Amino acid sequence: MSPPLITRVVLARHIAGQPALDDFRLETLPMPELDDGQLLIAHHWVSADPGTRSRLSGQASYAGALPLGAVIDGFAVGTVVASRNPRWAEGTQVVTGGGWASHSISSGRGFIAPVTRTDVALHHWISALGVPGMTAWFGLQRVGAFKAGDRVLVTSAAGPVGSVAGQLARAWGADRVAGVASGEDKARWLREDAGFDAIVDWQAQDFEQQIAAAMPDGIDILFDNVGNAMIDRLLPLMRPGGRIVVSGQVADYNTPVAERHGIANTDRFITHRLKMEGLVVFDDMRGFGAAQDAIADMIVAGTLKTRDVTGEGVESLPGLFCDLFRSGAAFGRRLARIA
Ligand SMILES: NC(=O)c1ccc[n+]([C@@H]2O[C@H](COP(=O)([O-])OP(=O)(O)OC[C@H]3O[C@@H](n4cnc5c(N)ncnc54)[C@H](OP(=O)(O)O)[C@@H]3O)[C@@H](O)[C@H]2O)c1
C-alpha cells in the first residue's frame, strides 16, 4: 500500500491585481509524524474566503503577508483522525483554520473548536455557523448597534456574510432590509427566498435613483462588504445617527492602497452624526457559541436560507477563489468537498 499523502495548495507567486489560477500550486507530501500535543485533522470541507486576498500580495496587511510556498488560508471542518493531545480525542469533529489542504496538524490551541450540533449539515460550520455568519451577527449587533425598526442596507448581499446579515436584520425586526447585488438570479433569490424588500444592481446606470427608491426613508445601518467607492455612493442616504459597519472591502483588495477610491461625502458624518467602524470577527469569539446555536435553530426551522458553490477536492479552491472577484459569478459560499 502506498503511504498516505497530504494534498495542499500553496502560494506560487505574490499576486498583483486580480488573482489567477497560476498564482497557486498544488503539492502532495507524505503525512508527517505527530509530535506530543499535536493532532491530525482530515478535512471534509474547506472554504475560499475573499479576505485571504489581502495576505497574498507580499505587503503586510493586518494579518501579515503570506510567504511564497505557504499553504493558503481557509477554514476547514473535519475529523480528528490521530491525536497525541489528551484534550482532542480521535473521532472528534472540529472547525479550524486548517487552510487549503486535505489535512492539517493542530496544536489544539488557537482557532479550533468542536462541532457542537449534528442536526445541521457539516459544511454550515464554515459558512452560516462559521466566520461569515459570525461576521454578520456581530457586525450587525455589536458594531452596528442594531435595534428593531432600523432600516438596513447590505452590500454584496448575496454573499455568505451579506445574505446572513440581511436575514438576521429581518428576523430581529428591521423596518426595511435592502441589498446591493449583481444580476437577476441573485436579486430573485434574495427577494423570494431570503426575504429582502428590494435589491439594486450596483452596475445599473441609474444606481443612485434605484437605491434611493429602495430605501425611501434612508439608511440607519449600512453593512458594507465592498469598500470605499460603494460607501461613498451610499453616504448621501444615511439617516441621522446612522452606523456604517465596515465588514469587508472585496472591491478594494486587488488594488494597491494608493490607487483606491477615496471617500468624498464625509460632510455627512458631521451633519448626520454618523459612525463608521470596522470589525475583526475573532474579537467576538467568546460569543460565537450562543450565536451559532441561534443560527443553527434558524437553519433547522427553515427561516435562514443559505447558498453554496461547491468544488471537488483542494484543487478546486483556486478557481472558487478567483471567481469571488468576478462580479456576477455563481453565488454563495465557495466550498471544496474533500474526499
Ligand atoms: N471583518 C471580518 O472579520 C470579516 C470576516 C469574514 C469576511 N469578511 C468580509 O466580508 C465580505 C463578504 O465576504 P463573503 O465571504 O460573504 O464574500 P462575498 O460577499 O460573496 O464576495 C464576493 C462577491 O463580492 C462582490 N464583488 C466582487 N467584486 C466586486 C466589486 N468590484 N464591486 C462590488 N461587488 C463586488 C460580488 O457580488 P456581486 O456579483 O453581487 O457584485 C461577488 O460575488 C468580504 O469583503 C470579506 O473579506 C470580513
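**Exercise 1.** Is F111 buried, partly exposed or exposed in this predicted model?

*Solution.* The relative accessible area of F111 is 25%. Since buried means under 20% and exposed means over 50%, with partly exposed in between, F111 is partly exposed.

**Exercise 2.** Determine how F24 and F321 are arranged as an aromatic pair, and where the two residues lie.

*Solution.* By the ring-centre rule, the count comes to 11 aromatic pairs. F24 and F321 form one that is edge-to-face, with 5.9 Å from centre to centre and 85° between the planes, an angle that falls in the class over 60 degrees. The pair links distant parts of the chain, for F24 belongs to strand β2 (residues 24-30) and F321 to helix α8 (residues 317-323), 297 residues apart. F24 is buried at a relative accessible area of 9%, and F321 is also buried, at 0%.

**Exercise 3.** Describe the pair of F75 and F111, and state which parts of the chain it ties together.

*Solution.* F75 and F111 form an edge-to-face aromatic pair, with centres 5.7 Å apart and planes at 80°. Because F75 lies in the loop between β3 (39-47) and β4 (76-83), whereas F111 lies in the loop between β6 (103-106) and β7 (112-114), the pair ties together parts that are 36 residues apart in sequence. F75 is buried, with a relative accessible area of 16%.

**Exercise 4.** Locate D284 and list its contacts, leaving out residues up to four places away in sequence.

*Solution.* D284 is found in the loop between β13 (275-278) and α7 (288-301), where its relative accessible area of 8% makes D284 buried. With those sequence neighbours excluded, D284 touches F138, R142 and L279.

Note on methods:
Residues are numbered from 1 along each chain as its sequence is written. This is a predicted model: local features need pLDDT of at least 70, side-chain atom pairs count only at pLDDT 80 or more; totals for chains, interfaces and linings use all residues. Side-chain values use heavy atoms; hydrogens and water are left out. Buried means under 20% relative accessible area, exposed over 50%, partly exposed in between (1.4 Å probe, protein chains only). Contact means heavy atoms within 4.5 Å. Rings of Phe, Tyr and Trp (its six-membered ring) pair if their centres lie within 6.5 Å; planes under 30 degrees apart count as stacked, over 60 as edge-to-face and the rest as tilted.
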